[in-house]
Amino acid sequence: MIKKTAAITAVGKYVPDYALTNKELEKLVDTNDEWIYTRTGIKERRILKDSDKGTSYLAIKAAEDLIEKKGLDPSEIDMVLVGTATPDMNVASTAVYVASQIGAVNAFGYDLQAACSSFLYAMSTAAAYIESGRYRKVLVIGADKMSSIVDYTDRTTCIIFGDGAGAALFEPNEEGLGLQDEYLRSDGVGREFLRIEAGGSLLPTSEDTLKNRQHYIQQEGKTVFKYAVSNMADASEKLLQRNNLTNEDIDWLAPHQANKRIIEATARRINLDKDKVMINIQNYGNTTSATLPLLLADYEHKLKKGDSIVFAAFGGGFTWGAIYLKWAYNS
Ligand code: UT7
C-alpha cells in the first residue's frame, strides 16, 4: 500500500486595508521609524479598524480567498482548524463559526492555541488526521486580531504586532509530497515572559485588572528574543540533520515573522542564502498565528512542485518547532 502523505493543495490570505505605519506610531508612543525598522524589520502593520469585527472576520476572508482560487466546494471540507491567540470569544469556538459562515456544512472544527506556533502545530494536527486516513480535506487557518489585545501606550509591544489571516488546505498525496517530518517542542518556563495576565481562570477580569492594564499582551522582549533565536535555529538544524539534508537541499525557509533579526539568525544557523528566506514582516509585522500562511500566500507564485520548505516558529508558552514539507503544486 502506498503511504499517504498530507500535502498543501491551496492557500489563501486576508489582511485589512488599514496600514499603521511606523511614522504614525511615533505619534502614539516614544519611538521612531529608524529604531523600529533596524530592531525589527517592520515598516507597517495592518489593523482591522471595525470594532464590531473579530478574528473570525479575518479567518473567513482568508478561507473565502482559498475557496475561490481553488474552486473548492466548501461542503467537501471535513474539518476546520483555526490557530489563534485572539478567538472571537472565550468558550464559543471561532473555528465552528468560521466553518458555518464559509458553508463548510459537513465539517467539524475547533481552535488551536499555541501562541505564535499555533499554525505550525495545526499543520502537524492536520497532517496526522490525513495520514491516518480519517479525513481528506482539512482547512487550516491561522488568524489573529492582535490589535484587540495590544496596549497602544506600550512601545515594547505595540510596534510589533499586526492583524491578518492565512489559510491552507491539506489533502492526501500519493507522490510522497507534503509534510515529511516535524520537530515540535514546548516549555512552561515561558509563561512568565510573554502573556496576558488577566481574563483567564487564574486571574479573572476585575476592576483592578482593567485598571492595571493586565488584559493586554505583555512581554519581556529581550528574554523572549534570546529563547526565540536559539530554539528556532536549533529546531531547524535538528530537522535538517535528522533528514540528512544540507542547505543545498532546502529551497525555502518559512520562518515565523516576529523580528527580522530572529529570522536572519535562524537562516544563518542552517547556512541558507538570503534569497531562500521568505520574509514579509516589513508589510505586516508579527501577525502571530497568521505569519506562516501569509508567507505561503505571498510566495505561492514562486513555489514549484517538489520544493523543499522548512517552516520554523517560536511563540508564547513557550512553544516552538520546525516542519519539513515538500510543496505539492505549481500555481
Ligand atoms: O512572536 C514571538 C514572540 N515575540 C518575539 O519573538 C519578540 C522578541 N523580542 C523582540 O523582538 C525584541 O526584544 C524587541 C523588538 C521587542 C525589542 O528589541 P531589543 O533590541 O531587544 O530592545 P531592548 O528591549 O533591549 O531595548 C533596547 C532599548 C531600551 O532602552 P535603554 O534601556 O537601552 O535606554 C528600551 O527602553 O530600546 C528601548 N526601546 C525602544 N526605543 C524606541 C524599547 N522599545 C522601544 C521602541 N522605540 N519601540
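Guide: A residue is called buried when its relative accessible area is under 20%. The model discussed here is predicted.

Visitor: What share of the 331 residues of the protein counts as buried?

Guide: The cut-off for a buried residue is a relative accessible area under 20%. Applied to the 331 residues of the protein, this gives a buried share of 53%.

Visitor: What radius of gyration does the protein have, and what would a compact globule have?

Guide: The C-alpha trace spans about 60 × 45 × 35 Å along its principal axes. For 331 residues, a compact globule would have a radius of gyration near 20 Å. The protein agrees with this, at 19 Å.

Visitor: How many helices and strands are there in the protein, and what percentage of its contacts between residues at least 6 apart in sequence join residues at least 24 apart?

Guide: The protein contains ten helices and 13 strands. Among contacts between residues at least 6 apart in sequence, the share joining residues at least 24 apart is 77%.

Visitor: Which strands stand at the edges of the open sheet of five strands?

Guide: The strand order in this sheet is β1-β7-β6-β4-β5, and the pairing is mixed. Two strands each have a single partner, so one side of each is left without a neighbour in the sheet. These edge strands are β1 (5-14) and β5 (108-112).

Visitor: Which strands does helix α5 touch, and what angle does its direction make with that of β6?

Guide: Helix α3 (residues 55-70) packs on the sheet and touches β1, β6 (138-145) and β7 (163-173), with a direction at about 115° to that of β1. Helix α5 (residues 118-131) also packs on the sheet. The strands touched by α5 are β1, β4, β5, β6 and β7, and its direction makes with that of β6 an angle of about 165°.

Visitor: Which strands stand at the edges of the open sheet of four strands?

Guide: This sheet has mixed pairing and the order β8-β13-β12-β11. Each edge strand has a single partner, so one side of it is left without a neighbour in the sheet. The strands in question are β8 (178-186) and β11 (252-255).

Visitor: How many bridges join β12 to β13, and which residue in β13 stands opposite alanine 312?

Guide: Strands β12 (residues 308-315) and β13 (residues 319-326) run antiparallel, and the bridges between them number eight. The residue in β13 opposite alanine 312 is alanine 322.

Visitor: How many of the nine residues of α10 are buried?

Guide: Helix α10 is mostly covered. Its buried residues include Leu292, Pro293, Leu294 and Tyr299.

Visitor: Is glutamate 300 buried or exposed, and with which side chain does its side chain make a polar contact?

Guide: Glutamate 300 lies in the loop between α10 (291-299) and β12. With a relative accessible area of 11%, glutamate 300 is buried. Leaving aside residues up to four places away in sequence, glutamate 300 touches Val11, Lys69, Trp327, Tyr329 and Ser331. The polar contact of its side chain, at 2.7 Å, is with the side chain of tyrosine 329.

Technical notes: Residues are numbered from 1 along each chain as its sequence is written. This is a predicted model: local features need pLDDT of at least 70, side-chain atom pairs count only at pLDDT 80 or more; totals for chains, interfaces and linings use all residues. Side-chain values use heavy atoms; hydrogens and water are left out. Two strands pair if DSSP finds at least two bridges between them. Contact means heavy atoms within 4.5 Å. Axes are lines fitted to C-alpha atoms, for helices over the stretch in contact, and angles run from 0 to 180 degrees between N-to-C directions. Buried means under 20% relative accessible area, exposed over 50%, partly exposed in between (1.4 Å probe, protein chains only). A polar contact is a pair of N or O atoms within 3.5 Å; within protein, one must be able to donate a hydrogen and the other to accept it, and residues adjacent in sequence count only if both atoms are side-chain atoms. The radius of gyration is taken over C-alpha atoms; the globule rule is 2.2 Å times the number of residues to the power 0.38.
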